[in-house]
Amino acid sequence: MALSAIALCSRALLKLGAASIASFDEGTAESEVCANLYPALRDAMLSSHPWNFATGQATLPLLAAAPVADYSCAYQLPADFLRALSAGLGARGFGLDYRIAENRLHCNVEDGVVLTYVFRPAELNFPPFFDQALIARLAAEFCIPLTESTTRAEFLHRLAEDEFRRAKLIDGQQDVPSAISSFPLVEVRS
């Protein structure tokens, strides 16, 4: 079952023994904590690992303004961009020398840059294993502001780390491991 942002926060609150919320604008302590902490925690969880469900590719548009130094071209990052994984040319999404600076991708290529990146999908597209990891992390982070119990917060953080490892394991089993395409140490020997 797909969960909304409110449902994810409500489940985390229930783990704490707090009242669930129906909106971020209720005016309760729970809704205020959720509204202030949820967006940053969600984005931190998404960008902490190259999740298969949150990894995409895009051909980037070239910007008119060139970088000040080091690279000759700048490209606009996608609106839902959280973290770069690799960049390449044409049908190859890796192998390009680049830098992310000023919310742009800088490189020395003038056309056809493909970025492989972690993006922010809608909460309804989160798989159940990620939902559980995010709920556990939210409960751990909501604990101190709502209960002021550091002992309980430490326990919840350990549980959140276990859920995070479990989610990464499940996510890692959903694709074929990438083959090593080049190995510079072997190439130097030739």
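User: What hand does the crossing of H1 and H3 have?
Analyst: The crossing of H1 and H3 is right-handed, a label for a near helix turned clockwise from the far one by less than a right angle, with anticlockwise giving left-handed. Helices here are DSSP runs of H or I with at least four residues, strands are E runs of at least two, and both are numbered from the N terminus.

User: What should I know about the model behind that?
Analyst: This is a predicted model, in which local features need pLDDT of at least 70 and side-chain atom pairs count only at pLDDT 80 or more, while totals for chains, interfaces and linings use all residues. Residues are numbered from 1 along each chain as its sequence is written, and side-chain values use heavy atoms, leaving out hydrogens and water.

User: OK, at what angle do H1 and H3 cross?
Analyst: Helix H1 (residues 5-16) and helix H3 (residues 128-147) cross at roughly 55°, and their axes come within 8 Å; the axes are lines fitted to C-alpha atoms over the stretch in contact, with angles from 0 to 180 degrees between N-to-C directions. H1 and H3 are therefore oblique to each other, since under 35 degrees is roughly parallel, over 145 roughly antiparallel, 65 to 115 roughly perpendicular and the rest oblique.

User: Which residues of H1 and H3 meet there?
Analyst: On the H1 side they include Leu-8, Cys-9, Ala-12 and Leu-16, and on the H3 side Leu-134, Leu-138, Phe-142 and Leu-146 are among them, where contact means heavy atoms within 4.5 Å. The residues of this H1 and H3 contact divide into 12 nonpolar, no polar and three charged, counting Ala, Val, Leu, Ile, Met, Phe, Trp, Tyr, Cys and Pro as nonpolar, Asp, Glu, Lys and Arg as charged, and the others, Gly among them, as polar.

User: And how far apart are the axes of H2 and H3?
Analyst: The axes of H2 and H3 are 10 Å apart and the helices pack at an angle of about 135°, so H2 and H3 are oblique to each other, and their crossing is right-handed. The H2 side of the contact includes Val-33, Cys-34, Leu-37 and Leu-41, while the H3 side includes Phe-130, Leu-134, Leu-138 and Phe-142; by class, the contact has 15 nonpolar, no polar and four charged residues.

User: Switching topic, how many disulfides does the structure hold?
Analyst: The structure holds zero disulfides, a disulfide being a pair of cysteine sulfur atoms within 2.5 Å.

User: Are Cys-34 and Cys-107 buried or exposed?
Analyst: Cys-34 counts as buried at 0% relative accessibility, and Cys-107 counts as buried at 0% as well, where buried is under 20% relative accessible area, exposed over 50% and partly exposed in between (1.4 Å probe, protein chains only).

User: Last one: where does Asp-70 sit, and what is its phi?
Analyst: Asp-70 lies in the loop between strand S1 (55-59) and strand S2 (73-76), with phi near 75°, a positive value in a residue other than glycine, and it counts as exposed at 58% relative accessibility. Glu-148, in the loop between H3 and helix H4 (150-172), likewise has a positive phi, near 60°, and counts as exposed at 69%.
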